[in-house]
Amino acid sequence: MARLLIVEDDLILIQMYEIAFKHAGYEVTTAFDGDQGLEKMKSFKPDLVVLDILMPKLSGLEVLQKVKTDEELKNLPIIILTNLDGEKNVKEYLDQGAIGYLIKSELNPDELVAKVKQLYEAYKKQ
Amino acid sequence: MPDTTLEEYKSYVKSRLEALMPIFAKASIGDFSSNIEIPDEDDEFTQLFVGIQVMIEIINKQLSELTQLNTSLEGKITELQTLFESIGEGIVATDINNKIIMMNKPAQGMIGWSFEELEGKNIVEAIPMVDEKGVAVPATQRPSYTALTSGKKYIDKNHFYVRKDKTTFPVLKTVTPILLHGKIAGIMNVFRDITQEKELEALKDDFISLASHELRTPLSAIKGLVSMVQKGDYGPVNDNLEKPIGDIAFSTERLIYLVRDLLNVSRIEGKRILFNLTDVSLSDITTKVFEQLRPLTLKKRIGLDLKSESATLVQADKDKLIEILNNLIGNAIKFTYEGGITVSTKEDGEFINVYIEDTGIGISPDHHDKLFKKFQKIHAATALDISGSGLGLYIVRSYAKSMGGKVWLERSAPGQGTVFAFSLPKSGSLIAEEIKKKHGAALSNLRMTRPGDKGLQV
């Protein structure tokens, strides 16, 4: 099963998502801010990253930009998971290379797992 | 004097008239103070002397009245001038050619030019006006120009005045034609610096946006965790806990909707909402919305049908259109207990009208004009009333309006069902093109006015 990194600064949310993805069979690791997220991308070598936007240290956008300019990481699929739902944001992140943009408050964890799976499958087919 | 010669008579007349000369000399320099001595002897000149004396006295009386009037007029003018200068708003009066004829101290203070520097100059050139992007407003679009040509009053708060030192400030301006005997004699420009109001407005918008986003994080956690508990992810749930946990889930969902609506209203009012206008098929979108809402109508055993004419391509933002339909059809379902909901479309000139007809409980006429206002709830919340924020129709109306259409209550009465309707411009119509152009401009405005945004578009 796929290896997943969740980058999210809210402790309760991250635990919740971790359980949901583990139940679905993912091998999961977590990071609490952008810096740690980038580190774990290199050490854990995930197949897929779920990334929050508003975080301390590096924001989701900065992480995404660093990933896309890093030779080792640039092909790593990244899905944005946030509560910022402005349309300009969605477009900006997709333009920067994220493969999906999901809104936390609109999805239950099982729905989130299904969406992430769907996006990842579509990405692999490309 | 029968025996006098002509020569003697001439010299007699001359001598009598000479007595008047000093009087006339004084009168010629405005001095009417000397009196005429009326001679004792009574002859042809006596009448003349008396006449002139009476005239002098009348002139003297009128002069003193005029002096008094003048003094009181001067007092009035000083009074008016003091009032004019004491008005807290900037005032610039112009004549029929838009040349500046008067300007009070507050106006001079705000603009940085003195009245002496601008007197007689055309206001349009003397006090430049720019838009949010710093682009000069063309002379023919200046409020003072349009008021002069149309004779109507204008209120404008979307522009900036440029000061003498080239800095700008946002201005609220009321421009009123000055009418003299029914004809336009000039323009009265009354204005005020609204920097603070603008800042407060932005602060309010930012606060609501930020609060809404912050609220969403714990709400997402509650929603997610409750759904996992319900699913048994944390072990079996006792039967007696199912109801309260279900109620928590439902209440959380309501809160999420409320926060979303508040955020949308804040975006609408802060003009920070983007419309991605494309040609969309009304019947396709309606069918899609039907699919989402079908479970609700099946549960209530009521109908949900679409009667659509063939040509239903409209210009709209797909997501906003879905929200409008969701809201209006959702409302219809909420308040219908038997019968059903029918959605139909009709061409109406450059527009397509969409009618949402239900056989529900109807709305009493007292409430008709309140429907589209903020925070209006006509019916008490029901068990199905997830999105009962009282903001739905307000949002719907503003979305429809922004896309060039409108929304209205076609008819409704208690017990006789309700028909709501909205219109959108047909694809390719003149109005559709116009609206598209307008949104193109608004989009670049939005980017210009919020340069500090680091991807945080709220």
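Two strands count as paired if DSSP finds at least two bridges between them. The exercises below apply this criterion to a predicted model.

**Exercise 1. Describe the sheet of chain A, and state which residue stands opposite A:R3 in strand 2.**

Step 1. Begin with the strand order. Chain A holds an open sheet of 5 strands in the order 2-1-3-4-5, with parallel pairing.

Step 2. Identify the edges. Strand 2 (27-31) and strand 5 of chain A are the edge strands, each pairing on one side only. From one strand to the next, the twist averages 20 degrees.

**Exercise 2. Explain why the salt bridge of A:E8 and A:K104 ties together parts that are apart in sequence.**

Step 1. The side chains of A:E8 and A:K104 form a salt bridge, with an N to O distance of 2.9 Å. The cut-off for such a bridge is 4 Å.

Step 2. Over all chains, the structure holds 22 salt bridges.

**Exercise 3. Work out the layout of the sheet of chain B, and explain why one side of strand 8 and of strand 12 is left without a neighbour.**

Step 1. Begin with the order. The open sheet of chain B has 5 strands in the order 8-10-11-13-12, with mixed pairing.

Step 2. Consider the edges. Strand 8 and strand 12 (406-412) of chain B each have a single partner strand, so one side of each lacks a neighbour in the sheet. The twist averages 20 degrees from one strand to the next.

Step 3. Follow the pairs. Strand 8 (residues 303-307) and strand 10 (residues 340-348) of chain B are parallel over 5 bridges, and B:K307 stands opposite B:S344 of strand 10. Strand 10 and strand 11 (residues 351-358) of chain B run antiparallel and share 8 bridges; here B:K346 has B:N353 of strand 11 as its bridge partner. The hairpin of these two strands has 2 residues between them, and its B:G349 takes a positive phi near 60 degrees. Strand 12 and strand 13 (residues 418-425) of chain B are antiparallel, with 6 bridges, and B:R411 stands opposite B:V419 of strand 13.

Step 4. Helix 11 (residues 318-334) of chain B lies across strands 8, 10, 11, 12 and 13 of chain B, at about 170 degrees to strand 13.

**Exercise 4. Characterise the interface of chain B and chain A: how many residue pairs are in polar contact across it?**

Step 1. Determine the extent. The contact involves 24 residues from chain B and 26 residues from chain A. The area buried between the two chains is about 2,200 Å², of which carbon and sulfur atoms give 56%.

Step 2. Count the polar links. The interface has 0 salt bridges and 5 residue pairs in polar contact.

Step 3. Locate the side of chain B that touches chain A. The elements giving two or more residues to this side are helix 8 (195-231) and helix 9 (239-269) of chain B, and helix 8 gives the most, with 11 residues. By class, this side of chain B has 9 nonpolar, 7 polar and 8 charged residues.

Note on methods
Residues are numbered from 1 along each chain as its sequence is written. Chains are lettered from A and ligands numbered from 1 in the order in which they are written. This is a predicted model: local features need pLDDT of at least 70, side-chain atom pairs count only at pLDDT 80 or more; totals for chains, interfaces and linings use all residues. Side-chain values use heavy atoms; hydrogens and water are left out. Helices (H or I, at least four residues) and strands (E, at least two) are DSSP runs, numbered from the N terminus. Contact means heavy atoms within 4.5 Å. Buried area is the accessible area (1.4 Å probe) that two parts lose on being put together, summed over both. A polar contact is a pair of N or O atoms within 3.5 Å; within protein, one must be able to donate a hydrogen and the other to accept it, and residues adjacent in sequence count only if both atoms are side-chain atoms. Ala, Val, Leu, Ile, Met, Phe, Trp, Tyr, Cys and Pro count as nonpolar, Asp, Glu, Lys and Arg as charged, and the others, Gly among them, as polar. Axes are lines fitted to C-alpha atoms, for helices over the stretch in contact, and angles run from 0 to 180 degrees between N-to-C directions.
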